[in-house]
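Below is a walk through one protein structure, going from a single side chain to the whole chain. Keep the sequence and the 3D view open while reading.

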Amino acid sequence: MAFLELEGLCKTFGHAAALSDVTLSVERGELVSLLGPSGCGKTTTLRIVAGFETPDRGRVLLDGRDLTGVSPERRGFGMVFQQYSLFPNMTAAQNIGYGLRVARRPSQEVRRRVGELLELIGLPDAGGRYPHQLSGGMQQRVALARALAIEPRILLLDEPLSALDAKVRVTLRNEIRRIQTRLGITALYVTHDQEEALSLSDRVVVMSRGRIEQVGPPEEVYGEPKTEFTASFIGSMNRLAGVVGADGTLAYRGRTLRLPPGAAVPAGRAATLVVRPEAITLTVDGGPPPCGRANVLAGTLVTRTFLGPVVRLIVDVEGEYLSVDVSGAGRRAYPQGGRVWLSFDPGAAIVMGPSAATEDGGS
C-alpha cells in the first residue's frame with residue numbers, strides 16, 4: 001500500500017471540469033511533482049490533498065486512512081505557497097515557531113526546533129530579522145522552515161519558486177531537494193516549470209485538462225513520452241508526420257524514414273515520428289550524405305539561437321522547420337543559409353498517432 005493515495009478524484013467548478021478521475025499513488029519519502037500548464041488541475045489536486053477543497057467524487061488516503069472529510073488543520077500537512085505568506089510583524093524565528101506555539105509546545109522545545117531549522121535552511125543568523133529585511137529567497141526559506149517545524153507527515157508545495165528570479169530559483173530548488181532528501185519527508189510539488197520538475201523529482205506527473213497524461217521518473221517522461229501532449233510539453237520535439245508504407249517505413253516529404261525497432265503501425269495509416277533536437281546530427285552539405293541505418297534529410301539552415309550550453313539551429317526541410325541542438329566547437333561550423341544534412345538513429349525517435357503501438361503495449 002502506498003503512503004499517499006488519490007483515488008478517482010473528480011472536481012467541477014460551475015460547468016468546468018477541473019479534475020476527471022485523477023488517481024495517483026505516492027510512496028513514503030518520495031518527491032512527486034505535478035507538472036502542467038495553467039488550468040490543468042495540478043493546484044486543484046494539491047488543494048484537495050491539503051483539505052482546502054472537497055472532491056465531488058473520489059478519496060484521499062494517507063497510510064490507508066481516508067482523509068477526504070478531515071479538515072486541513074487536522075491532517076498534519078505542511079504547506080508552502082507561491083507567496084511567502086509570512087507574518088510581517090513577526091521575526092523569522094517567530095514565523096518558524098508559530099505552528100509549534102499554536103500546538104502549545106514547551107518554549108524550550110520551540111527555541112531548539114527553530115534553531116535547528118534556521119541551520120537547516122542556511123540562515124542561522126537571520127532569526128531576529130523581520131520579513132521586510134529578508135530577500136525573496138530568504139523569505140521562502142523561512143516559509144519552508146515554518147512548514148517543516150510541525151514535522152508534517154507530507155510537505156505540499158504550490159509553485160513555491162515562481163516569484164523568484166532565475167538564479168535564486170535554481171539555488172533554492174536544490175536546497176528544497178537537499179532538505180527533503182535529508183529529512184526523508186514525502187512531498188507533493190506543483191509547478192508549471194518543466195526544468196524544475198525534472199531536476200527535483202523522483203517522479204513527475206504530467207497533467208492536462210484535469211487528467212493525468214503520464215507518470216514516471218524524469219528520464220522516462222522526457223525520453224519516452226506516451227502521449228502527444230507529454231511530447232509537446234516536456235522539452236522540444238520535432239514532429240515528422242507521414243504515411244506508413246507496406247515495408248513498415250514512413251513516407252515523409254519525399255523521403256523514406258525507418259520506424260523505431262518494435263513499432264507496429266498498419267500500412268497506409270498516418271503516423272508521426274517525434275525526435276528530440278539533441279538526437280539529430282548535422283553535417284554540412286557538399287560531401288556524401290550520412291550512411292548506414294540512420295534516417296537522413298536534407299535542408300537549409302535558417303536561424304541559430306544561442307542557448308548557453310547549446311546552439312539551437314532551425315533547418316528548413318521541404319517547407320517544415322526542424323530544430324537541432326549543437327554543442328561544443330562544432331556549433332560554429334554551420335553557416336546560416338547553408339545546405340545541411342540531418343540524420344538520426346531510428347531508435348532515437350518515437351512513433352505517435354492513433355494507430356501507433358509498440359510491442360510492450362504503449363501508445
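In this predicted model, Q139 has a relative accessibility of 15%, and because buried means under 20%, Q139 counts as buried. The residue lies in helix α5, which covers residues 136-149. Leaving aside residues up to four places away in sequence, Q139 is in contact with Y84, L86, P131 and L134.

Burial can also be followed along a whole helix. Helix α1 runs over residues 42-50, and seven of its nine residues are buried, so the helix is largely enclosed by the rest of the structure. Those buried residues are K42, T44, T45, L46, I48, V49 and A50. Just after α1 comes G51, with a positive phi of about 100°.

How much of the protein is buried overall? Of its 363 residues, 48% are buried.

The secondary structure consists of nine helices and 22 strands. Along the principal axes, the C-alpha atoms fill a box of roughly 80 × 45 × 35 Å. Counting contacts between residues at least 6 apart in sequence, 67% join residues at least 24 apart.

Definitions and conventions
Residues are numbered from 1 along each chain as its sequence is written. This is a predicted model: local features need pLDDT of at least 70, side-chain atom pairs count only at pLDDT 80 or more; totals for chains, interfaces and linings use all residues. Side-chain values use heavy atoms; hydrogens and water are left out. Helices (H or I, at least four residues) and strands (E, at least two) are DSSP runs, numbered from the N terminus. Buried means under 20% relative accessible area, exposed over 50%, partly exposed in between (1.4 Å probe, protein chains only). Contact means heavy atoms within 4.5 Å.
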